[in-house]
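Work through the exercises below with the sequence and the model side by side. Try each task before reading its solution.

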Amino acid sequence: MKVVLAPDSFKESMSASQAVAAMGRGVRSAMPDAEVVGIPMADGGEGTVAAVVDALGGECITATVADALGRATQARYGYVPAQSLAVIEIAAAAGLELIGPQDRDVLRASTFGVGQLMLDAADRGATDFLIGLGGSATNDGGAGMLTALGAEFTDAAGHRLPPGGAALAQLHRIDLGGLDWRLRDARIRLACDVSAPLLSAGGASAVFGPQKGANAEDVETLERALTRLVAVTTTTLGSALPDRPGAGAAGGLGFAFMDLLDAECRPGVELVAETVGLELALRDADWVFTGEGSVDAQTALGKTPFGVAQLAARHDVSVVIFAGRVADDASVLLRHGVDRLIPITAPGVPLVQALRDGERSLARAVEAMARELSTG
């Protein structure tokens with residue numbers, strides 16, 4: 001029997017790699033002759049760097065970059081030399097969680113640090129970039145990122161614009177002549193589960209601006225600024241596509257990546273699965289065990305266990321999801337290719353204890369499931 005282990009991290013309890021190891025102990029204890037293949041997974045958000053680096057034998061790199069407010073911060077990204085692959089979570093540089101609630105300023109927050117991470121990776125030889133969009137403090141349409149890469153955003157007097165989305169209302173010209181050629185030619189894939197366009201009531205400013213501290217007046221300011229960005233981008237390139245799904249991700253960073261760097265935008269779990277070779281591992285598997293800290297009906301909106309189940313269905317592989325918490329409404333997953341939902345923590349166990357004992361609990365739950373399979 002072949003069992004593929006493809007969990008996400010169990011937040012605050014274990015990383016995806018630790019979950020793979022715990023699952024592996026459980027399977028081997030019950031089925032010592034089974035073929036076990038472990039592939040740490042993620043959905044493009046937090047934990048993606050660790051999952052891909054662990055799966056592909058890469059390394060974690062730390063670089064000093066600017067956070068969303070221009071302050072120096074230590075940001076980590078992944079690099080896999082054998083594939084010239086850089087794995088970047090944009091939140092490591094421009095993340096909302098890096099900014100205290102009292103300091104958040106979405107009008108001047110910038111993605112400059114994201115571009116700095118990309119340049120650091122390019123200096124190491126990266127030609128392939130997997131970038132997780134999510135958790136940003138920014139709404140600058142990616143102007144900061146492009147500025148770090150060598151582009152110039154200027155006003156009618158020829159002065160460079162200050163950082164932040166609000167400044168784009170004064171945008172007159174985008175000069176791409178200095179854009180680092182390595183990033184022009186690189187393959188860039190965006191792990192993005194946000195389908196929002198750049199503009200309108202469903203766009204970056206209106207939907208996500210308030211989550212980053214924008215009030216109603218700020219939202220109007222940012223919407224006007226991004227509208228100006230689209231107009232000048234159209235003049236610069238001859239066209240612009242602000243309505244593409246994902247253009248509004250990370251405060252419009254998706255727009256900059258797709259329109260100006262020809263990036264490809266796809267669901268996060270799909271991209272990660274492709275990168276770490278999950279589909280190849282599933283082709284002759286009997287079972288796949290996946291999971292994460294909490295599973296509910298929202299898991300079917302693109303989280304890792306659901307993505308793994310969808311991929312497994314293509315190859316007629318049975319799926320078991322393990323989770324610290326399995327909500328009642330998670331039963332909807334049983335109608336989408338999932339065979340079993342198994343909580344690893346007994347009812348009533350205090351959360352602190354459940355998190356502390358996560359690896360042991362997961363190994364025990366997997367062992368019990370494996371024994372059930374081995375006895376028919």
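**Exercise 1.** In which sense do strand E12 (residues 318–326) and E13 pair, and over how many bridges?

*Solution.* Before starting, note that this is a predicted model, in which local features need pLDDT of at least 70, side-chain atom pairs count only at pLDDT 80 or more, and totals for chains, interfaces and linings use all residues. Residues are numbered from 1 along each chain as its sequence is written, and side-chain values use heavy atoms, with hydrogens and water left out.

Step 1. Helices (H or I, at least four residues) and strands (E, at least two) are DSSP runs, numbered from the N terminus. Two strands pair if DSSP finds at least two bridges between them.

Step 2. E12 and E13 pair in the parallel sense, over 4 bridges. Ala323 is placed opposite Pro343 in E13.

**Exercise 2.** Give the order of the strands in the open sheet, and find which strands stand at its edges.

*Solution.* Step 1. The sheet is built from 5 strands in the order E2-E1-E11-E12-E13, with parallel pairing.

Step 2. Strand E2 (35–38) and strand E13 (340–343) each have a single partner strand, so one side of each has no neighbour in the sheet.

Step 3. On average, neighbouring strands of this sheet are turned by 25° against each other, direction ignored.

Step 4. Helix H12 (residues 304–314) packs on the sheet and touches strand E11 (287–295) and E12. Contact here means heavy atoms within 4.5 Å. The direction of H12 makes about 160° with that of E11.

**Exercise 3.** Which residues of helix H1 (residues 16–30) are buried, and what covers them?

*Solution.* Step 1. H1 has 15 residues and reaches 21 Å from its first C-alpha to its last, close to the 21 Å expected at 1.5 Å a residue. The expected span is 1.5 Å times one less than the number of residues.

Step 2. Its buried residues (buried means under 20% relative accessible area, exposed over 50%, partly exposed in between, with a 1.4 Å probe and protein chains only) are Ala16, Ala19, Val20, Ala22, Met23, Gly24, Gly26, Val27 and Ala30.

Step 3. The cover over these residues includes strand E1 (2–5), E2, E11, E12 and helix H14 (358–374).

**Exercise 4.** At what angle do the axes of helix H8 (residues 216–237) and helix H9 (residues 249–261) cross, and which residues meet?

*Solution.* Step 1. Axes are lines fitted to C-alpha atoms, for helices over the stretch in contact, and angles run from 0 to 180 degrees between N-to-C directions.

Step 2. The two axes come within 12 Å and cross at roughly 10°. H8 and H9 are therefore roughly parallel to each other, the term for angles under 35 degrees.

Step 3. From H8, Leu229, Val230, Thr233 and Leu237 meet Phe255, Asp259 and Leu260 of H9. The contact residues divide into 5 nonpolar, 1 polar and 1 charged. Ala, Val, Leu, Ile, Met, Phe, Trp, Tyr, Cys and Pro count as nonpolar, Asp, Glu, Lys and Arg as charged, and the others, Gly among them, as polar.

Step 4. The buried residues of H8 include Leu229, Val230 and Thr233. H9 is among the elements that cover the buried residues of H8, as is helix H7 (204–208).

**Exercise 5.** Is Gln102 buried or exposed?

*Solution.* Step 1. Gln102 sits in the loop between helix H3 (91–94) and helix H4 (112–123).

Step 2. Its relative accessibility is 64%, so Gln102 counts as exposed.

Technical notes: Angles under 35 degrees count as roughly parallel, over 145 as roughly antiparallel, 65 to 115 as roughly perpendicular and the rest as oblique.
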